[in-house]
Amino acid sequence: MFLELLIFINLQSEHLKIMKILHLNTVDLGDGASRGTYWLHQGLLQKGIDSNILVMRKTSNDPTVISSSRSNLIYKFDRIKNSIDDITLSLYRDRLNNSEGNFFSPSCTSSTGVYRAIKEISPDIIHLHWINKGFLKPESLKQLDVPIVWTLRDMWPLSGGCHYAIECTEYTNSCGKCPLLGSRSENDISRKLWLRKRKSWSSSEINLVAISNWLADCAKSSSLFRDKKIRVIHNALDENKFKPLSKSFSKEALSLNPNKKVIAFGAINALKNKNKGFQYLAKALKKLFDEGFSESFEVVIFGSLEPTEKVDLGFKPTYLGTLRDNIALSLVYSAADVMVVPSIQEAFGKTAIEAMACGTPVVSFDSTGLKDIVDHRLTGYRAQCFDIADLAYGIRWVCEDSERHTKLSRQSRKSVEDRFTTKRQANSYHQLYLELLSASS
C-alpha cells in the first residue's frame, strides 16, 4: 500500500513537470469568457504548470498567449472567412437583433493557422473554452489527438447555434424552427449545425466542465451531451486583485455623493443586452424613486455610455462607459453599497463574484448560474424571478440596515475567499488533468 502511494505521488510529480496545457479561446481579453479563460491560465501558471492560450485574435502583449493568425495576411483571410457566418445569418431576415444579446453562431469555418499552431506547441491536453465565431468549427474536434477538456461558458456547445436558449427547449431535441432566427423551417441552420455537432462529437472523448450547476443541468438535459459525465468547476478570480477599498475614498474618486447609498449595475453592452436584465432594473429603480427614496440612493452604470434616448429611472445615473481594468472595477464595486445583477440567464455571473470580493452584497433573481453565487440573505438577496417589486425590495433590504449591511459585506468577501479563488479553481483543473493523463498513459 505504501509503495503504491509512493508510485502515485511520483506519477503526479512527473505529470506536473511535463504537463503542457493549451487553452483555445477566440480572443484573449475582453468579454467574460475571455477573462475567465485568462484568469484560469494565470492560476495554472502560478501553480507551476506549463500553460498557454491559443487565440485567433490577440489583444494583449502576454508572451504565453499565441495567435493562430501569425501575419496580417492570415488574419485578414480569417476575417474574410468569418464573413461566411454573417452571410449565412443574413438569409434569416426575421432574426432577433444580435446587439440585444440574441447571439447565434453558425460556426462555418476554422482559423487558418490553428492546426499548425497546435502541432508546434504539442500540448498534452487541449482545453477548449469559447471557440466559435470562426476559430474552430465542430468538425475540428476530430482532428485533435490528445485529451480534450471543454469548459462550457454558455449554451452554444449544447445547441444548434444560440448562446442562450432563454425560453426555447429545442436543444433537448434536435433544434430547428429557431426562434432567434425567426425561422419556421425544421431544417434551418440550427438543425444543420446540431446535426454537424452530433456527427462530429459522437465518437469524440470530450471531458466537459460546466461553470455552474445550472449550466451542468442544461448540458445533462441536452440531446448532444446527456450521456456525458459533466463536472462543475466554478469561475474564479484573484482575491488579491479584487478586494475591498475604502468606501469613502472610492465614492470621492468617482465623484459620488458620500451621503447616499450607491446602486451599481454593469455588463458588456449593459443597456441593450436584454439578457442582462436592465429592463427589470429600470422598473425597480423607478419604483424605489416613486416610493420616496429619491434622496437615499445614487445609481452607477458601467459597460455603457449615456444613451442618446434617456431612460426614465427616476434617479439620474452616472454612466462610466466600458471598464476593463481590474483596479477601476474594484473602485466601482467598493464605492457601491449593492451590486444588482438582474440577468435572465447567466452561465455564472462574474460581476457578482467581483463585487462580493470587494465586500459588496449582490441582488439578483433566483435563477440560473447566480444561484451558485448569491446566498439568499447571507451575501445578498435573490428576488423572485423577474418580479419587479421583489427586486426593488431586495435592493432596499440590503441597504436599509447598516448593521445588516456590514454583516452581508463581510460574508460576501468570505464566500469568495472560500469558494471562488483562482487557486482553488486551478487545483480542481489540475486534478482533472492528472486523471486524464493517467488514463491516457
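This is a predicted model: local features need pLDDT of at least 70, side-chain atom pairs count only at pLDDT 80 or more; totals for chains, interfaces and linings use all residues.

Modeller: Let's begin with a right-handed β-α-β unit, made by E5, helix H5 (residues 189-201) and E6. The chain then carries on from E6 through H6 to E7, and this β-α-β crossover is right-handed as well. Right-handed means that, with the strands pointing away from the viewer, the path from the first strand over the helix to the second runs clockwise.

Residues are numbered from 1 along each chain as its sequence is written, and side-chain values use heavy atoms, leaving out hydrogens and water.

Now to the pairing itself. Strands of a sheet pair through backbone hydrogen bonds, either parallel or antiparallel. Here two strands are called paired if DSSP finds at least two bridges between them. E5 and E6 run parallel and are joined by five bridges; in one of them, Ile148 has Ile206 of E6 as its partner. On to E7: three bridges join it to strand E6 (residues 206-210), again in parallel, and Val209 has Arg231 in E7 as its bridge partner.

How well is E6 covered? Five of its five residues are buried, where buried means under 20% relative accessible area, exposed over 50%, and partly exposed in between (1.4 Å probe, protein chains only). The cover is on both faces: Ile206, Leu208 and Ala210 are buried on one side, and Asn207 and Val209 on the other.

Let's step back to the whole sheet. It is an open sheet of seven strands with parallel pairing, in the order E3-E2-E1-E4-E5-E6-E7. Strand E3 (65-67) and strand E7 (230-232) are the edge strands, each pairing on one side only. From one strand to the next, the twist averages 25°. Angles run from 0 to 180 degrees between N-to-C directions, with axes fitted as lines to C-alpha atoms, for helices over the stretch in contact.

Helix H2 (residues 32-46) touches strand E1 (20-24), strand E2 (50-55), E3 and strand E4 (125-128), and its direction makes about 160° with that of E2. Touching, or contact, means heavy atoms within 4.5 Å.

Next, look at how nonpolar residues gather. A nonpolar core is a set of buried Ala, Val, Leu, Ile, Met, Phe, Trp, Tyr and Cys residues joined through side-chain atoms within 4.5 Å. The largest one has 84 residues, and Leu24, Leu128 and Trp150 touch the most other members. Leaving aside neighbours within four places in sequence, the contacts of Leu24 include Leu54, Val114, Ile118, Leu128 and Phe135. There is also a second, separate core of 32 residues, and among its members are Leu271, Phe278, Tyr280 and Cys399.

Elsewhere in the chain, another open sheet is built from six strands, in the order E10-E9-E8-E11-E12-E13, with parallel pairing. Strand E10 (318-319) and strand E13 (380-383) stand at its edges with a single partner strand each, so one side of each has no neighbour in the sheet. E8 and strand E9 (residues 297-302) pair in parallel over six bridges, with Ala264 standing opposite Val300 in E9. Helix H8 (residues 278-290) packs on this sheet and touches E8, E9, strand E11 (338-341) and strand E12 (362-365).

Finally, here are two serines to compare. Ser107 has a phi near 55°, a positive value in a residue other than glycine, and Ser255 also has a positive phi of about 55°. Ser107 lies in the loop between helix H3 (72-90) and helix H4 (114-121) and is buried, with a relative accessible area of 1%. Ser255 lies in the loop between helix H7 (247-253) and strand E8 (261-266), and at 64% relative accessibility this serine is exposed.

Key: Helices (H or I, at least four residues) and strands (E, at least two) are DSSP runs, numbered from the N terminus.
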